[in-house]
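Take a walk through this model, from overall layout to single side chains. Keep the viewer open as you read.

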Amino acid sequence: MDLPQVKDELVQFNKMIFLYNSAMKEFKLRLEILRDEYKFVHQYDPVFDVKSRIKSIDSITAKLTKQGKAITVENIENYVDDIAGIRVCCHYSTDIYRLVDMISEQKDIEVLNSKDYMNDPKPNGYRSYHMILTIPVHLSGRVVSVKVEVQIRTTALNSWAILEDILENTYDDYLPEELLKEVKECADMLHAVDKRMIRIQDEISQYKKERQ
Ligand code: 0O2
């Protein structure tokens, strides 16, 4: 690549990141409004915490290299779906599906792909709900649909995912069997606790209803 080409690619890259950043802002605002409405109607916030990030250059290049693709802006846009990432933590797993429905019902949001790792966990114990969606970004004179990855999970399973991520990134090519087993057991225990808490929450709601 000669210098003008490099410059052009850099401009395209910055434009692309600007769009992904705008899409994240747009999605976070939608989510905030949905939460406010839910709180207003049900006196309860289904969301505990929201984090967002633009995928790191290292992670983008690793993903493209793994797919055997050249590192270009076009390939990033076409083959990496999670440049803009939103992670939503809920207290209870029932809140996850409430949110999935509320997000999917938004008329101008298109859900391209969903993965329900809550009901179908990864072999290591990972549980989360993932959606790749597009959201319109209104610019001066045009509207652009931009991809955002949304991960929704419980706070308990989020702590687990952080620990598991550290484990994956610490041991280069050999992960100790014992640790893997223990980490999987922790995921299963946390999931069991999440389920018990829902049962307790149901019992409390039932009691409240009966007292009304
Ligand atoms: P980062 O650091 O978030 O950028 P794909 O994204 O399609 O290439 P995959 O695995 O089919 O790969 O997609 P999937 O399952 O939807 O996972 C995408 C993201 O979910 C990952 O992004 C992680 O953030 C998270 N994730 C998936 N599986 C695990 C897991 O077993 N443990 C943990 N801790 N997180 C997981 P990246 O690109 O890996 O990382």
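Buried means under 20% relative accessible area, exposed over 50%, and partly exposed in between, with a 1.4 Å probe and protein chains only. The model is predicted: local features need pLDDT of at least 70, side-chain atom pairs count only at pLDDT 80 or more, and totals for chains, interfaces and linings use all residues. Residues are numbered from 1 along each chain as its sequence is written, and side-chain values use heavy atoms, with hydrogens and water left out.

Begin with the layout. The protein has six helices and five strands. These are DSSP runs, numbered from the N terminus: H or I over at least four residues for helices, E over at least two for strands. Along the sequence the pattern reads α-β-α-α-β-α-β-β-β-α-α. The C-alpha atoms fill a box of roughly 75 × 50 × 20 Å, taken along the principal axes. Of the 212 residues, 37% are buried. Contact means heavy atoms within 4.5 Å. Among contacts with a separation of 6 or more, 64% join residues 24 or more positions apart.

Now the helix α1. The expected span of a helix is 1.5 Å times one less than its number of residues. For the 40 residues of α1 that gives 58 Å, and its end C-alpha atoms are 58 Å apart, so the two agree. After α1 comes Gln43, with a positive phi near 55°. Gln43 is a residue other than glycine. Its place is in the loop between α1 and β1. At 64% relative accessibility, Gln43 counts as exposed.

Asp45 sits in the loop between α1 (3–42) and β1 (49–54). Is Asp45 buried or exposed? With a relative accessible area of 18%, Asp45 is buried. Its side chain makes a polar contact of 2.7 Å with that of Arg35. A polar contact is a pair of N or O atoms within 3.5 Å; within protein, one must be able to donate a hydrogen and the other to accept it, and residues adjacent in sequence count only if both atoms are side-chain atoms. The Asp45 side chain also reaches the backbone nitrogen of Val47 at 3.0 Å. Leaving out residues up to four places away in sequence, Asp45 touches Arg35, Lys39 and His91.

Next, the interior. In soluble globular proteins, nonpolar side chains tend to be buried together. A nonpolar core is a set of buried Ala, Val, Leu, Ile, Met, Phe, Trp, Tyr and Cys residues joined through side-chain atoms within 4.5 Å. The largest one here has 40 residues, and Phe27, Val150 and Ile152 have the most contacts inside it. α1 gives the most to this core, with 11 residues. Apart from it lies another core of seven residues, including Tyr117 and Ala161.

The 16 residues of α5 (residues 155–170) should span 22 Å, and the end C-alpha atoms are 23 Å apart, which agrees. Its buried residues are Ala156, Leu157, Asn158, Trp160, Ala161, Glu164 and Leu167. Their cover includes β2, β5 and α6 (177–211).

A nitrogen atom of the ligand is 3.0 Å from a polar backbone atom of Ala161.
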